[in-house]
Amino acid sequence: MGKILVTGGTGFIGSHTCVELLNEGYEIVVMDNLSNSKLESANRVQQLTNKIFKFYEVDMLDYDGMCKIFEENEIDAVIHFAGLKAVGESVQKPLEYYNNNIVGTINLLKVMNKYQCKTMIFSSSATVYGVDNRPPYTEDMQTSAINPYGYTKVMIEQILSDICVADSEWSVVSLRYFNPIGANKSGLIGEDPNGIPNNLVPYIAQVAIGKLEKLNIYGNDYDTPDGTGIRDYIHVVDLAKGHISALAYAKKHKGFEPINLGTGSGSSVLEVVASYEKACEKEIPKEFAPRRAGDLAVSYANAEKAKRLLNWEAKYNLDEMCADSWNFTVKNPNGL
Ligand code: WQD
């Protein structure tokens with residue numbers, strides 16, 4: 001049996017998926033350019049699983065570098081996490097986002113074709129539901145975007161879908177993540193963003209550990225029960241296990257299949273804060289601030305298709321997500 005190539009495998013979701021792949025008995029190869037993650041993450045994965053694997057510091061834009069990986073390893077399938085993912089940054093640097101995410105993915109697909117590897121699990125995002133759909137989101141809804149990052153996900157899904165139509169040998173599952181948070185229960189790996197976090201839970205974590213002064217809650221005048229934004233938070237370990245189920249599905253089915261990975265229910269910012277305060281046993285200093293441009297009031301998944309096709313559903317609740325996030329933060333106050 002060949003190996004699974006994990007691009008972006010030292011990142012937050014990538015590293016957690018590597019743990020689950022290794023625990024499931026897969027052999028993996030990890031590729032990452034380390035632009036937004038650390039090699040220490042791969043060391044922690046090996047420590048956690050007591051398994052070893054090859055790491056290649058290769059960028060998706062390095063066609064020859066990726067060919068070398070396929071020359072040196074029999075790759076059965078690719079789980080493709082690698083990509084720039086900061087919404088705000090994508091607005092400032094659209095060309096960098098389109099080049100890296102889209103040209104990089106096209107490069108990867110060319111290499112996969114060259115070596116007859118035609119199975120991919122793609123890291124997509126609920127962001128493809130745009131602003132015109134109403135939650136709970138279902139996979140048959142029209143996709144769109146309101147920022148370059150979101151457009152890269154919409155466009156890559158289109159490219160993958162077109163490849164599957166042109167060549168019936170291809171099998172692609174595009175996993176649309178909702179809001180991944182939490183950490184492996186060991187506390188050895190977790191969300192370790194560079195600089196000031198954009199996302200809610202890593203920001204709360206840094207307030208709780210004393211590295212940031214207070215949480216700004218972006219808007220308390222949304223049309224929601226407590227006025228703050230609602231999202232579908234999903235434990236990163238649940239998300240990682242979803243990739244294992246998707247891989248098994250992709251091996252038995254051809255064609256392009258978008259699938260939501262969410263819990264199917266939403267939590268407000270204030271509910272997340274309350275859960276985190278329970279986890280860290282201290283009050284999180286917070287202040288209401290104006291709404292953040294581009295934010296939706298409510299976003300959550302219809303999670304039925306993943307249950308039906310993958311026999312997968314999220315198991316952990318919000319308190320467990322926050323407890324595991326806090327456990328990682330306490331054990332790694334300065335990140336990996
Ligand atoms: C969640 C809620 C904010 C920070 C983003 C990307 C999406 C995906 C997941 C990649 C919202 C509020 C946040 C803060 C706050 N990333 N908030 N204060 O925006 O749902 O999704 O990350 O695929 O593409 O858009 O996640 O964690 O940034 O925000 O009040 O300091 O928390 O307004 O309601 P979001 P988030």
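Reader: Which residues line the largest cavity?

Author: This is a predicted model, where local features need pLDDT of at least 70, side-chain atom pairs count only at pLDDT 80 or more, and totals for chains, interfaces and linings use all residues. Residues are numbered from 1 along each chain as its sequence is written, and side-chain values use heavy atoms, with hydrogens and water left out. A cavity is a set of points on a 1 Å grid over the protein atoms alone where a 1.4 Å probe fits but cannot get out, and lining residues have an atom within 4 Å of a point. The lining here is made of Ala 82, Gly 83, Asn 101, Thr 105, Phe 122, Thr 152, Lys 153 and Ile 156.

Reader: Which helix gives the largest share of that lining?

Author: Helices are DSSP runs (H or I, at least four residues), numbered from the N terminus. Two elements give two or more residues to the lining of the largest cavity, helix 5 (94–114) and helix 6 (148–166). The largest share, 3 residues, comes from helix 6.

Reader: How much space lies in the largest cavity?

Author: Volume is the space filled by probe spheres set on the grid points, which are joined across faces, edges and corners. The count comes to 1 cavity of 30 Å³ or more. For the largest cavity, the space is about 30 Å³.

Reader: Which helix gives the most to the lining of the second largest pocket?

Author: A pocket is an open set with protein on both sides within 12 Å along at least five of seven lines. The second largest pocket holds about 260 Å³ of space, and among its 23 lining residues, Glu 191, Asp 192, Pro 193, Gln 206 and Phe 328 lie nearest its centre. Helix 7 (200–208) and helix 11 (318–331) each give two or more residues to this lining. The most, 4 residues, comes from helix 7.
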